[in-house]
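Please brief me on this structure. Keep it short and group the points by topic.

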Amino acid sequence: MEISIKTVDGITVVTIVGEIDGRTAPDVHRRVSAALEATSKILFDMSQVQYMSSAGLRMLLSVYRQVSGKNGRVALAGLYEEIRDTMSVTGFLGHFPTYTTVDEGLAAIR
Amino acid sequence: MERIDTYPTHLRGGFKLRPGRPYPFGATLVPGGINFSVFSRHADYCVLVLFEKGKTEPMVEIPFRGMFQRAESGDPVWGDFRIGNVFAMVVFDLDYEDIEYGFRMHGPYPRVERGRPGIHRFDPSQVLMDPYAKAIGGREMWAEEPDWNKRYQHRARVLHDDFDWESDRPLEIPMEDLIIYEMHVRGFTQHPSARVRKPGTFAAIREKIPYLKELGVNCVELMPIFEFDEFENRRVNPETGKMLLNYWGYSSVGFFAPKTGYAATGKSRDGTMVADELKTLVKELHRSGIEVILDVVFNHTAEGNEDGPTISYRGIDNATYYMLTEDGYYQNFSGTGNTLNCNNPIVRSTVLDCLRYWAAEYHIDGFRFDLAAILGRDPRGVPLANPPLLEALAFDPVLGKCKLIAEAWDAGGLYQVGSFPAYGRWAEWNGQWRDTVRKFLRGDFGQVGKAAQRLEGSPDLYGERGPTASVNFVTCHDGFTLADLVSYNEKHNEANAEDNKDGTNDNTSWNCGWEGATDDPSINRLRRRQMKNAFAMLLVSQGTPMILMGDEVGRTQCGNNNAYCHDDELTWLDWTLLETNQELFRFVKNCIAFRNGHPVLRSNLHFRNEDYLGTGYADITWHGTRAWQADWSEGNRVLAFMLCGRHARSGTAVDDYIYIAMNMHSEALPFEIPRLPAGKRWHVFANTSRVPPDDVSDPGAEPPLGDEAEFVVGGRSVAILVGRDRRTTPT
């Protein structure tokens, strides 16, 4: 798993490449939490994530809880269909606005 | 501040360990690791067996006692990770999503061979599932052939219990306001006509919530969802070549884990999302005002008798978990091979832990206990006057607002309908309601007096407990569907491949003139009317009505009254029936809305049969074809009653007057109708002898009755009138 974080128009864009599971989710959480010091709007680029386990879903929800306390937003862009299905069935999807592309997401939460 | 117990103290085989905590039992995520805790009174040595998910061979085996290394120095050190009869150990740095675990237990010898009786059945060669497993692998996909070469078939998994419930909690709908819909999780949506994304799953039920809301029920009772093995006793029907499975699931493998094969997420790489999926369903049902009751099976397990498989309990502590004869044979009060030793103090607390877990972690609203009479037997099988388990459940703080519903009989001949130890809490499946109403509906003689008792909440059975002790039903999963009740005189269970010997012969059914499906329009009309009659009586009766999945659209099982082994169109709900039998659906839907709109139909206290408010009318009055003159004689098949709306809920609610006339004669009869107070007049809500749309009205839009003195009720028909102010009559 690789993770890169950049800021676009005051929005933190987190791009993840690979799988988010019990081994990698804590790392993502650590890196994103550090970025949260500076921002309250986060867009996850998920277009290169083909698998996300329950630890990944929990990581996203805990970022959401951290940010929503500061009036922030967490959005997801480019979700794989299968991940979207899993998130829907397990109730996680309801917390996140989703967008087809990063650009679309940036425009919406700007 | 960081806890000091987040660091390992011992090492073994490269794994970091520390002595664990005995409570809670099972596998619990703790900072840095997982706490494994398992109880056995009779085992003297235990080994934790860890697998990578799905693997045949273990990743490591760690004994709870023996030589370890000190974590800080690597020096050898003796360790015994046990307190009392509980083995407990923390293993650090495990990826909980990716492991399965089990135990090997050593205890008194000699080893008992399969098929032989024995008090203890310790067999260290067998890996055993944790009785407290919160998730169980091995049957990830429904009916997908497992790898039978794996000796460890039902594999304990670890869960994160941190679901985000937001503000959800159990709904606490009063029993008298509840309308239960009994459903099979897979059967509800597996039929292609259901048109859902994930057929046969928890997730698919969520897609069908709008249907449940339209019907108007406010509670679903899920047939068993504890992990079970659909392959248990699987066999092929020699005549048809069809595979027969354990489709119903009244045979628990694990009491703490939802059935993985019922989850859309069950087959995902990370099998721990099953719990999140079920919790999401519960949360969404609650959001729609619908409660969830679980049908729970604590009377026996899937391990069967001496010939059955060793999955968990018998290998962990046979003498504790099961009722045994002195020779070590399994007692069989359940009719399925073994009997869980429910009034053993340890098993009792396991049952309590289990139900608390479902109430607290899954926000379950109530439980229906399969063959609950067994739960009142002592360890030798003798019925107890004051059964500790039933008392403990009734007084438990966490279960304090949960519905507790007993199937108040067992396969050992104990029949407790009306006498189940209730402690002011327990309700019962009222089998007498079913039997009497079926007889009355069929036109049997001598039923009028009993039918009156059933319709007013069975005060003869539940005099002190009130009508809310009575769960009323015409049909349930066990027996004919309603459509079959009016289409078959005899059961037709040939497809079960047991020579039609299984299933009850006591169906109290009537085929209306032809055995099975027919295109005779007069027979089909009569059957439709009989189904409406049954629903009408169910939904005006005091007590809690329960509807079997699909009866509202006339689902048939082709005369099979014990369809436990069929996973196909025979048992799945065919959603095209919603169009074919739209007439019945509309009738049921409106009767439910009528019940919901009239508190006088939903009392939590019995009627007093007197006018205690000075309204000029007693709370309930009985009539016949002549007003004020009910005919209780043996040869009569006619009954009518009136409820005084001023007495609704013991005078605390204001409602209309309601009059119900039931004519189970084959001929139409004129009924003299009681006069209403000045200013009110009768309106016709339902009349099953009429053709749609006049068979039932939309509640509140009932047309006025023309002749206020006399009303002709057709043969084998039910009429429901509502008496209210003239001015509210729609024009």
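Phe96(A) counts as buried, at 6% relative accessibility (buried is under 20% relative accessible area, exposed over 50%, partly exposed in between; 1.4 Å probe, protein chains only). This is a predicted model: local features need pLDDT of at least 70, side-chain atom pairs count only at pLDDT 80 or more, and totals for chains, interfaces and linings use all residues. Residues are numbered from 1 along each chain as its sequence is written, and side-chain values use heavy atoms, without hydrogens and water.

**Aromatic pairs**
- Tyr64(A) counts as partly exposed, at 22% relative accessibility.
- The whole structure holds 49 aromatic pairs over all chains (ring centres of Phe, Tyr and Trp, its six-membered ring, within 6.5 Å; planes under 30 degrees apart are stacked, over 60 edge-to-face, the rest tilted).
- Tyr64(A) and Phe96(A) pair edge-to-face, at 5.8 Å centre to centre and 70 degrees between the planes.
- Tyr64(A) lies in helix H2 (residues 54-68) of chain A and Phe96(A) in the loop between helix H3 (81-89) and strand S5 (98-99) of chain A, so their pair ties together parts 32 residues apart in sequence (helices, H or I, at least four residues, and strands, E, at least two, are DSSP runs numbered from the N terminus).

**Interface of chains B and A**
- In contact are 22 residues of chain B and 22 of chain A (heavy atoms within 4.5 Å).
- The rule finds nine salt bridges across the interface (a side-chain nitrogen of Lys or Arg within 4 Å of a carboxyl oxygen of Asp or Glu).
- One salt bridge joins the side chains of Arg269(B) and Glu19(A), at 2.8 Å, N to O.

Note on methods. Chains lettered and ligands numbered in written order.
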